[in-house]
Amino acid sequence: MTAPAPRAFASRARITPRSIPVVTSESPSQALERMRQAPPALLLTGLTRAKEPGLELIRQVRLCLPVGLIPILVVTSHAMAANPARGTLSDKELCLAAGASSYLSKPLSLKRLIEEVRRLLNGHN
């Protein structure tokens, strides 16, 4: 008997590895509620700038146990650079400071995404 594949939880993700079962949500608040009910092996999320930003989801996940123990991978096309003159951090720095385990910016290959998902699922975060 083989172990079931780890579940990943994707919130507003447009790219997902085909070899890993994925549960999706329509909003960060729905994602958090679903993760509280059934903690996933990984959270794959984007960095949104709408009513419920991705940064807040990351922070909220990190506050919830056991959900707070899962790796969080941010995949975004919003890759904003730091602006030292204004004292602002890059999106990558903001995500990692909020508690993300890893950050990838688009465009990226499916191969690179799957490699990063596997790395995080193997405990290398």
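Biologist: At what angle do helix α1 and helix α2 pack?

Modeller: In this predicted model, α1 spans residues 28-37 and α2 spans residues 54-63. Their axes lie 10 Å apart, and the packing angle is about 20 degrees.

Biologist: Is α1 roughly parallel or roughly antiparallel to α2?

Modeller: The angle between the two helices is about 20 degrees. Angles under 35 degrees count as roughly parallel. Therefore α1 and α2 are roughly parallel.

Biologist: What is the class make-up of the contact of α1 with α2?

Modeller: The crossing of α1 past α2 is right-handed. On the α1 side, P28, A31, L32 and M35 make the contact, and α2 contributes L57, Q60 and V61. By class, this gives six nonpolar, one polar and no charged residues.

Biologist: Why do the buried residues of α2 lie on the same side of the helix?

Modeller: The buried residues in α2 are G54, L55, L57, I58 and V61. An α-helix has 3.6 residues a turn, so residues three or four places apart point the same way.

Biologist: Is P39 buried, partly exposed or exposed?

Modeller: P39 is found in the loop between α1 and β3 (42-45). Buried means under 20% relative accessible area and exposed means over 50%. Because its relative accessibility is 40%, P39 counts as partly exposed.

Biologist: What distance separates the C-alpha atoms of P39 and L65?

Modeller: Along the chain, P39 and L65 are 26 residues apart.

Terms used: Residues numbered from 1 in each chain as written. Predicted model: local features only at pLDDT ≥ 70, side-chain atom pairs only at ≥ 80, totals over all residues. Heavy atoms only, no water. Axes fitted to C-alpha atoms, helices over the stretch in contact; angles between N-to-C directions. Helix = DSSP H or I, 4+ residues; strand = E, 2+ residues; numbered from the N terminus. Parallel < 35°, antiparallel > 145°, perpendicular 65-115°, else oblique. Left-handed = near helix turned anticlockwise from the far one by under 90°. Contact = heavy atoms within 4.5 Å. Nonpolar A, V, L, I, M, F, W, Y, C, P; charged D, E, K, R; others polar. Buried < 20%, exposed > 50% of the residue type's maximum accessible area, 1.4 Å probe, protein only.
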